[in-house]
Amino acid sequence: MTMDIAHPRVWQLLNLLADGEFHSGEVLATQLGVSRASVFNALEFVAEYGVVLQRIRGRGYRLTRPWQRLAAKEISRCLGKDAKKFDVEILAQAKSSNTVLLQRAALGAASGTVLAVELQTAGRGRLGRTWHSGLGNALTFSLLWRFDCGLNALSGLSLAVGVAIVRALNKLCAQGVQLKWPNDILTAQGKLAGVLIEAQGDVLGPSAVVIGIGLNYNSPSSLSAQKIDQPVSALDETCNELPTRNQLLAELLQELASVLNEFSKHGFATLCVEWEQYHAYQNKQIQLRMPDGKVVGGIARGVSESGELCLENSQGVRRFNSGEVGAQA
């Protein structure tokens with residue numbers, strides 16, 4: 001029988017193996033009070049979930065890369081006085097942290113609720129894409145934030161979130177982090193992180209927004225190239241001193257709270273200039289592929305105060321609120 005990775009026995013074993021050292025099947029079995037066959041069966045299918053496990057006869061099992069586990073207490077310690085703003089929960093596994101948190105939002109979960117997932121098996125990105133990650137090589141979490149305003153006042157929110165992410169990464173001394181309209185975080189090597197925002201509420205308010213963020217923490221060597229349809233990068237390629245995943249999440253939450261409070265008062269307008277400073281394609285020739293497949297070319301002239309992409313071509317400066325940006329071929 002195939003065990004789900006969130007099965008308590010599988011999770012206990014992965015916690016014991018988190019240090020990246022070899023552990024014999026006999027010792028693991030003794031620690032859990034089960035048979036060696038039970039250990040073998042529990043670990044047999046973890047590769048299907050992106051967990052790279054070595055098995056060597058006579059030495060036992062080891063994770064090819066030590067796994068930094070997320071811990072709510074450590075995240076709260078890193079948050080300091082800001083810890084009271086958030087209710088952080090760590091899930092071993094979920095298909096999508098956004099899906100789970102949207103359900104909780106509908107049941108009245110408080111603003112500032114955070115769900116971080118150690119292993120997200122069906123993460124969702126923009127335009128129906130899948131966000132791929134393995135155990136420990138990414139930070140995937142969702143934040144619930146409630147606004148007094150209605151849904152129609154949330155234009156530009158995904159861009160504001162991008163500003164918060166870049167601020168946090170700059171504080172952590174990440175190098176060369178930029179933004180791609182409307183919700184990607186890039187480095188020269190490729191996509192570092194993505195944002196998916198889903199909202200509930202009325203046009204006139206109030207509204208609840210679930211902000212899903214997936215960020216590559218270290219190079220996802222366990223993911224096959226066939227799964228990823230674009231160049232990617234990871235934080236370990238951009239930071240000389242890599243923060244722990246707990247430190248990273250705390251820093252992101254602090255900057256998100258600051259930006260979201262500013263957004264709730266002023267909208268995206270006060271963040272527009274800063275966003276353009278981080279814009280990877282500012283004043284560059286680009287192509288914008290529309291949802292209907294049509295391609296529009298021009299020079300990216302930044303964004304409007306409501307978050308629309310401004311594109312200049314022979315027809316003048318036009319504004320777009322949807323589409324996929326790419327460099328001019």
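Of the 329 residues in the protein chain, 51% count as buried, where buried means under 20% relative accessible area with a 1.4 Å probe and protein chains only. Before I go on, this is a predicted model, in which local features need pLDDT of at least 70 and side-chain atom pairs count only at pLDDT 80 or more, while totals for chains, interfaces and linings use all residues. Residues are numbered from 1 along each chain as its sequence is written, and side-chain values use heavy atoms, with hydrogens and water left out.

The chain has 8 helices and 16 strands, which are DSSP runs numbered from the N terminus, of type H or I with at least four residues for helices and of type E with at least two for strands.

Turning to the sheet, 7 strands form an open one in the order β3-β4-β7-β11-β10-β9-β8, with mixed pairing, where two strands pair if DSSP finds at least two bridges between them. Because β3 (87-94) and β8 (178-180) stand at the edges with a single partner strand each, one side of each is left without a neighbour in the sheet. From one strand to the next the twist averages 20°, with axes fitted to C-alpha atoms, for helices over the stretch in contact, and angles running from 0 to 180 degrees between N-to-C directions.

Within this sheet, β7 (residues 138-147) and β11 (residues 207-216) pair in the antiparallel sense over 10 bridges, and Trp145 has Val209 in β11 as its bridge partner. Helix α7 (residues 245-266) lies across β3, β4 (113-120), β7 and β11, and runs at about 25° to β7; contact here means heavy atoms within 4.5 Å.

Key:
Buried means under 20% relative accessible area, exposed over 50%, partly exposed in between (1.4 Å probe, protein chains only).
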